[in-house]
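Biologist: Please take a close look at the cavities of this protein, and at the residues that line them.

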Amino acid sequence: MIPRIHKQGSSTRGLLNYLYGKGTREEHVNPHLVASFDYMAPDPGRDPSATKEDLQRLLDQPLHLLDEDQRPAKHVWHCSVRAAGTDRILSDEEWGDIARRIVAATGIDSGGADSAGCRWAAVRHADDHIHIIATLVREDGRRPDHHRSGKRAQAEARLIEADYGLHRVTPGDGTAAKRPTSAERHKAERQGRDRTVREELRETVRRAVAGAATEQEFFDRLKDSGLLVRTRVLPSGDLKGYTVALPGDHNKDHEPVFYAGSTLAPDLSLPRIQARFDTTAVATAPDNGGHQDHPTQRPAPSAARRNTTDAVWVALLALDRSDDGAAAAQIAATGEVLDALAKTSALYTRQELREAALAFERASHSHTREKFRHSQQLRRAARDLIRSGPALGRGEDGATTAMVIDMAFFLVTAAAHWHGKKQHAQQAAAAHQAAEHLRAAYRTAAAQPLDALYQRGRHLDRPLLRRQTTMLREILPELAEQILAEPGWYALAVTLTDAENAGHSHATLLAETVGQRELESAESISDVLVWRLRRAADLPADATDMWPHKNGAERPMRSAQGPAQRRTGPRGRRP
């Protein structure tokens, strides 16, 4: 249940005209009162003898207790209360009780022994919400104590949800991006848009931020994306702020409608964006997978994804032991990586990655101020992804996409746990939602490359498989049987063989990889170990070309289902 306190107004009659009118799209049906301050207010909706003027005079009567120069200029208080789309349809009596609880909680009319509250009425003109209108002068001529009425209404809504068995809304902390207004939603519907201009601009600006190293790069990206951009400059020559508009989005005077970055999201204000450009990088872990940064060289998509996997791994190891500011910066930069992945990935994973990025946006900021010098490796990785351009959905591009999504899933899950420990309920829920989209994207991206490894593993020599099995049981005694029962075991076995052939001690490599991060939360432990080992050993992610015929020619892929597709069903015998 979402209560919303609207801007105070100066015309009781004007708001009543809207509440009892047809609505901007004739969506208002059967408007009528469900409750009022005295249970006896005239109802223009159902009483033929009552008029809106009668109700207005009754509500505004306390104003006449004050001299004209003492009356508040904005005396109309307006609160809408909306049920969730999955909630049952509430009766008028239930909505009436909810209205009385909201006005009591917000200080408008406490009821009970205090009979000198404000006059108010609750109007219902749809199944899923009501509007409460009140006059901000009490019966005794004093002003009500409605300070922070929005937070007080939200707190009462959580209790109402529990009492009525309604959908439980995750409590927020005031750092969420502003929701589109009803006028913006109606405008989008008229224009045939799937979402509002505000939402489209927010996503475009956030993608422009991803990995940007300078103000100029950020503004160039905005213009390259087709947005109209205005900047405000101080007399000193320093930038003060910026606004953006979507071409074709005009007001009634046919002028572009510009939005300031801070109105799109708190962390998209110019000062907050400039804070991300802190290039005083702090070393967070010694392991970067052996890859070096080449700031002037445009990386290949597969190389950018490998570098990003390294950066995500470092951030994952550092997150739990970082201070709050460093952790918040790593989480914010994780959002940049997801934005960059969504922008540059192949079509078959793009939608799920985009949904992951959109969901994680809520998790990427809180009241904890970020120390961005701790997240520069992640930000450089996001920049490399953008600079590398679109990736193919096959070969090394496709396989490294699966590798980085797998690693990003664990980082996003770690971010959810961090927010949970800090009591950031909305952020934790958003991170969990993003993780589910990443899981779906991973299943799609990993199907082909894991199938190639699976087929190679099925054809390993039996003595070699027995040796790998024995080694696995020695290093991972608690998880070995679960891994051996997974279809992905064959992909892991061939990865261990590849690592050994590349000169690594595969037993040592496996022990180090397992010891660095927990595995119990993985959907497939063998899959996770495959990607971690191939990253650590710098092995090709795509194994299609690593399986020759006896005569040296490439062996064609078989059509048997691989581990990414066979999550259920009979298990084959293990050596």
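Modeller: The second largest cavity has a volume of about 60 Å³. A cavity here is a set of points on a 1 Å grid over the protein atoms alone where a 1.4 Å probe fits but cannot get out, and lining residues have an atom within 4 Å of a point. Points are joined across faces, edges and corners, and a volume is the space filled by probe spheres set on them. This is a predicted model, in which local features need pLDDT of at least 70, side-chain atom pairs count only at pLDDT 80 or more, and totals for chains, interfaces and linings use all residues. Residues are numbered from 1 along each chain as its sequence is written, and side-chain values use heavy atoms, with hydrogens and water left out.

The lining of this second largest cavity consists of Arg 206, Val 209, Arg 276, Ala 332, Gly 335, Glu 336, Asp 339, Phe 360, Glu 361 and Ser 364. By class, five of these are charged, three nonpolar and two polar. Ala, Val, Leu, Ile, Met, Phe, Trp, Tyr, Cys and Pro count as nonpolar, Asp, Glu, Lys and Arg as charged, and the others, Gly among them, as polar. Helices α6 (197-209) and α11 (324-344) each supply at least two lining residues, and α11 has the largest share, with four. Helices are DSSP runs (H or I, at least four residues), numbered from the N terminus.

In total, the structure holds three cavities of 30 Å³ or more.

Technical notes:
On a 1 Å grid over the protein atoms alone, a cavity is a set of points where a 1.4 Å probe fits but cannot get out, and a pocket is an open set with protein on both sides within 12 Å along at least five of seven lines; lining residues have an atom within 4 Å of a point.
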